[in-house]
Amino acid sequence: MDTATLEVTPAESSSRFTVKNYVDIVEKQKHQFDAFFCLKLWRPKPNLHPEATKMIIEKILNSPQMKDTIHQFLLEGHSNLSNCEDVVAQIKTILEDMGHTYKFSTVRVIGFFLAKLLRNLYQGVAINNDGVLKLSKAMSQGPVLLLPTHRSYADFLLISYLCYTMDIPLPVIAAGMDFKGMKFVNRMLQNAGAFYIRRSFGHDQLYWAVVSQYIQYHIVNFQAPIEFFLEGTRSRNGKSLPPKTGLLSMALEPYFRGDVPDVQICTVNISYERTLEEKLYAYETLGVPKPRESTSGFLSAVGKIRGQNYGQIYINISDPISVRDHISKRTEPNWNTPSFRFSLSEYERDSIHCLAWSLIRKQQKETITPVSAIVMSALTVNKQLDIEQLVQLIVLMNSLLAKYGTPCLIQNESVVQSVKDCLDVHKLIIHPVADGFFSCQTALREGEDVQTQAADRLVLQQYTNQLLGPLINVAVFSLIEASDPKEPNNIISESAFFAKYFKNEFVLISNLTQQELTSFQENVTNEMLKRILRALLQPYLESYFIILNLISMGFSTISELTLQYRNMVSTVLVEGASKFPEILAIDKIYRHVLNLVANGHLRGVKTNQTASYHQIDDISPIIVRIEPYLDERLKRFMTLHRKKTAVMQSHL
């Protein structure tokens with residue numbers, strides 16, 4: 001690599017983030033006994049007073065909304081429950097099974113074990129102190145929603161640990177029903193504020209009504225912040241997923257109904273130098289079923305990670321936003337209809353949808369980029385680099401992140417040490433080669449399982465996506481610019497194409513404006529940085545190209561597409577038509593299908609519990625549009641395969 005291209009100027013090394021704005025909440029605990037920490041005097045500000053679970057259940061059961069729900073449920077005859085007593089018993093069972101409790105002795109026990117784990121596994125947990133103060137202030141003003149990013153099982157425990165450490169009220173946490181099966185652990189989590197809900201409600205209207213009223217009770221009678229994950233599930237690829245609006249709609253209904261004057265929303269953006277589940281995620285994206293949550297599995301996992309170095313955790317608490325400021329217009333109430341029969345209007349549902357996308361973009365943009373994301377990205381593109389070259393790349397890339405995302409939490413004088421720390425944290429992935437150089441590339445070896453190679457690359461991609469996610473528009477600009485020097489208007493129109501078809505894959509992707517294009521042309525000038533970003537984007541283009549070709553061949557169900565995609569990509573990799581083993585991951589198939597449905601190219605039809613997706617608009621123009629950005633070997637392979645498929649179909 002030509003290091004002359006990495007010359008750093010003072011302007012490039014400036015950053016709007018400084019380490020002094022952040023505090024390490026683990027550092028102090030390294031110098032005290034964990035028992036002292038868990039027995040500390042806890043004085044939350046503001047001092048909210050949560051009600052007992054039994055009282056909450058009784059109030060919900062006796063509320064006009066629930067009584068009307070029961071009445072409507074019996075009238076419509078949705079199930080075999082034929083009388084009021086049976087329905088009430090069913091609702092009470094759901095609430096008791098789901099409902100959280102607060103036992104502070106349990107909170108202290110969990111705090112003891114978390115303090116011990118964090119102290120032994122992590123070098124530090126950095127958090128912006130001003131964000132904590134603003135969050136505390138918001139809680140003193142009314143209902144607050146906490147929406148953390150979801151990259152690890154550790155996320156929701158980390159938020160409660162943060163609240164306990166920083167003396168702010170503990171949240172009520174929406175947790176998946178998966179954890180309910182973990183004996184002993186399930187009760188501990190419930191006693192610390194977790195309430196369990198199904199991941200999918202289906203057509204169970206009674207369950208939907210019960211969960212909705214449980215959440216809304218906590219909004220109207222604000223006694224604790226409510227925490228849930230806007231993405232709905234853990235992101236297994238290091239970047240934000242499209243938002244799910246179900247819980248958000250439930251939580252905001254009291255605002256639209258006029259029961260509360262405002263709801264404040266605070267995103268909590270968490271990034272990990274190294275993720276606990278890195279290998280597990282890689283195999284899950286390849287289609288390997290995740291292991292069922294169990295106490296024995298949890299204890300076994302804890303035993304395996306003990307003694308390892310997982311580096312830093314970075315927590316950036318965003319400024320709380322007011323729903324009233326974002327959605328000031330509320331539908332006029334219908335005075336002829338009781339308030340408990342309120343339902344969201346189309347305008348309100350659309351407003352919540354737009355707000356959800358705004359929040360998920362805010363999460364992606366304001367998540368601190370770990371040093372490991374830049375190091376992994378640089379080593380993914382370059383066969384080997386030494387520490388000096390890595391330092392230069394980090395400083396340059398950090399200047400881009402300072403303009404278009406959220407940079408690494410480092411100062412210039414500490415970059416060398418940060419690189420060394422990163423290399424130590426990821427020593428299982430990044431290995432030293434001759435003369436002080438480091439590498440993380442593994443070539444496809446003859447006879448080796450393709451899935452194993454793909455899993456290794458997907459572990460890397462979890463970290464490189466933490467760079468590509470916030471800089472996706474810079475990457476798209478670099479890709480278009482490199483393919484053919486085009487007029488500015490053509491670059492803008494090409495960016496609109498990528499924004500349209502990759503919206504579900506990259507939440508920050510957008511149509512470039514003339515102002516943004518000018519900014520990129522002025523600030524994105526280093527060829528090495530552009531080459532890195534193009535290379536990170538390339539596997540996503542190849543995956544999409546293959547998916548489009550399979551759909552054009554007539555495969556219409558997700559199961560058919562998944563099977564054919566695996567077979568196709570395995571052949572592509574074995575024959576050397578692609579150099580990206582990570583394209584074997586199948587997690588993006590469904591997202592792309594949904595995007596094609598939303599853009600009017602496919603129509604979903606459900607028959608016998610199986611959904612199939614049929615073309616209602618030709619997708620060959622999309623294939624043609626994306627071909628100029630692909631490797632010639634892959635294009636030749638797919639052209640030949642399409643011809644073979646056409647011949648086979650003509651003989652049927």
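The buried residues of helix α3 are M66, D68, T69, I70 and F73. Buried means under 20% relative accessible area, exposed means over 50%, and partly exposed lies in between, using a 1.4 Å probe and protein chains only. Helices here are DSSP runs of H or I with at least four residues, strands are runs of E with at least two, and both are numbered from the N terminus. The buried residues of α3 pack against α2 (53-61), α4 (84-98) and α9 (205-220). A contact is a pair of heavy atoms within 4.5 Å.

The expected span of a helix is 1.5 Å times one less than its number of residues. Helix α3 covers residues 64-76, which is 13 residues, so it should span 18 Å. Its end C-alpha atoms are 18 Å apart, which agrees.

This is a predicted model, in which local features need pLDDT of at least 70, side-chain atom pairs count only at pLDDT 80 or more, and totals for chains, interfaces and linings use all residues. Residues are numbered from 1 along each chain as its sequence is written, and side-chain values use heavy atoms, with hydrogens and water left out. pLDDT is the predictor's confidence in each residue, from 0 to 100. The protein averages a pLDDT of 88, and 92% of the residues score at least 70. Residues 1-18 stay under 50. For that stretch the model has 39 contacts beyond four places in sequence.

Now turn to the strands. Strands of a sheet pair through backbone hydrogen bonds, either parallel or antiparallel. Two strands count as paired if DSSP finds at least two bridges between them. Take strand β2, residues 124-128. Is it enclosed or open? In β2, 5 of the 5 residues are buried, so the strand is largely enclosed by the rest of the structure. G124, A126 and N128 point one way, while V125 and I127 point the other way.

Strand β2 has pairings in both senses. With strand β1 (residues 22-24), β2 pairs in the antiparallel sense over 3 bridges. There D24 stands opposite A126. With strand β8 (residues 312-317), β2 runs parallel, joined by 4 bridges. Here G124 stands opposite Q312.

Next come β4 and β5. Strand β4 (residues 172-176) and β5 pair in the parallel sense over 4 bridges. The bridge partner of G176 is I197 in β5. Strand β5 covers residues 194-197. A194 and Y196 point one way from β5, F195 and I197 point the other way, and all are buried.

D167 is found in the loop between α7 (154-165) and β4. Its phi is near 60°, a positive value in a residue other than glycine. D167 counts as partly exposed, at 24% relative accessibility. F184 is found in the loop between β4 and α8. F184 has a positive phi of about 75°, although it is not a glycine. At 59% relative accessibility, F184 counts as exposed.

UniProt, in an unreviewed entry, places the feature "domain: Phospholipid/glycerol acyltransferase" at residues 144-273. UniProt positions are given in the numbering used here, feature names are shortened, and annotations may be inferred rather than shown by experiment. Over residues 144-273 the chain is 36% helix and 19% strand. The end C-alpha atoms of that stretch are 29 Å apart.

Another loop holds E277, between β7 (264-272) and α11 (278-285). E277 is buried, with a relative accessible area of 7%. Which residues does E277 touch? Not counting residues up to four places away in sequence, they are R151, S152, Y153, A154 and R234.

One more loop lies between α1 (34-38) and α2, and P46 sits in it. A cis peptide bond joins K45 and P46, with omega about 0°.

Finally, look at an open sheet of 3 strands. The order is β10-β12-β11, with antiparallel pairing. β10 (385-386) and β11 (431-432) stand at the edges, each with a single partner strand, so one side of each is left without a neighbour in the sheet. Between β11 and strand β12 (residues 437-439) there are 2 bridges. In β12, S439 is the bridge partner of H431.
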